[in-house]
Amino acid sequence: AHVDYGDRTVRDFTYDMLPREEADRRLQGRYMLINVWRPIVRVESAPFAVCDASTVHREDLFQSEVVGGLGDFKRRSLWGFNLAWTPDHRWYWAPQMEPHEVLAFKLFDSQADATQFTAHSAFADPSTPADAAPRQSVEIRTIAYMS
């Protein structure tokens, strides 16, 4: 299970996308990284699960680096977290999600005391039939800047 990106990568993307002065201004306020995930066709295998972020503590996370992020080895690394298991984590999933169903969740929030770090992963559901179709899905990560 992982949290795609944290503050370092959000800041890098902000400076990549915006003029320096505007990036500086936006990063002085509150900002958050939000993930929106949905299936393209009904999920029959490898369903998507999210961990209740209120049960994840900073000490449960350890940094992960995606070298050559997004398949471009000329690009700087992307930084996120992997999740170490604890029995206190609460997990949720929506079985057989349909394309009209969407999961939206917060990955990072610059407000340090806000609930954040929603870890997620696909998992092997033991009730999945042997002939189940592979999962097809899409996700979008977006940065929200509060003024």
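Reply: A quick definition to start: accessible areas here come from the Shrake-Rupley method with a 1.4 Å probe. By that method the chain exposes about 8700 Å², and carbon and sulfur atoms supply 53% of that area. Keep in mind that this is a predicted model.

The chain has 2 helices and 9 strands, and from the N terminus on they run β-α-α-β-β-β-β-β-β-β-β. Of the 147 residues, 39% are buried.

Now for the part you asked about. Strand S7 covers 103-109, and the loop between strand S6 (91-93) and S7 holds Val102. Val102 counts as partly exposed because its relative accessibility is 44%, which sits between the 20% and 50% cut-offs. Together with Val36 and Ile140, Val102 makes a nonpolar surface patch of about 240 Å².

Asp109, also in S7, is another story. Its relative accessible area is 1%, so Asp109 counts as buried. What does its side chain pair up with? The side chains of Asp109 and Arg30 are joined by a polar contact of 2.5 Å. Leaving out residues up to four places away in sequence, Asp109 touches Arg30, Tyr31, Met32, Ala114 and Gln116.

Zooming back out, take the contacts between residues at least 6 apart in sequence: 78% of them join residues at least 24 apart.

How values were computed:
Residues are numbered from 1 along each chain as its sequence is written. This is a predicted model: local features need pLDDT of at least 70, side-chain atom pairs count only at pLDDT 80 or more; totals for chains, interfaces and linings use all residues. Side-chain values use heavy atoms; hydrogens and water are left out. Patches are made of residues with over 30% relative accessible area and no salt bridge: like charges are joined within 9 Å, nonpolar side chains (Val, Leu, Ile, Met, Phe, Trp, Tyr) within 5 Å. A salt bridge is a side-chain nitrogen of Lys or Arg within 4 Å of a carboxyl oxygen of Asp or Glu. Helices (H or I, at least four residues) and strands (E, at least two) are DSSP runs, numbered from the N terminus. Buried means under 20% relative accessible area, exposed over 50%, partly exposed in between (1.4 Å probe, protein chains only). A polar contact is a pair of N or O atoms within 3.5 Å; within protein, one must be able to donate a hydrogen and the other to accept it, and residues adjacent in sequence count only if both atoms are side-chain atoms. Contact means heavy atoms within 4.5 Å.
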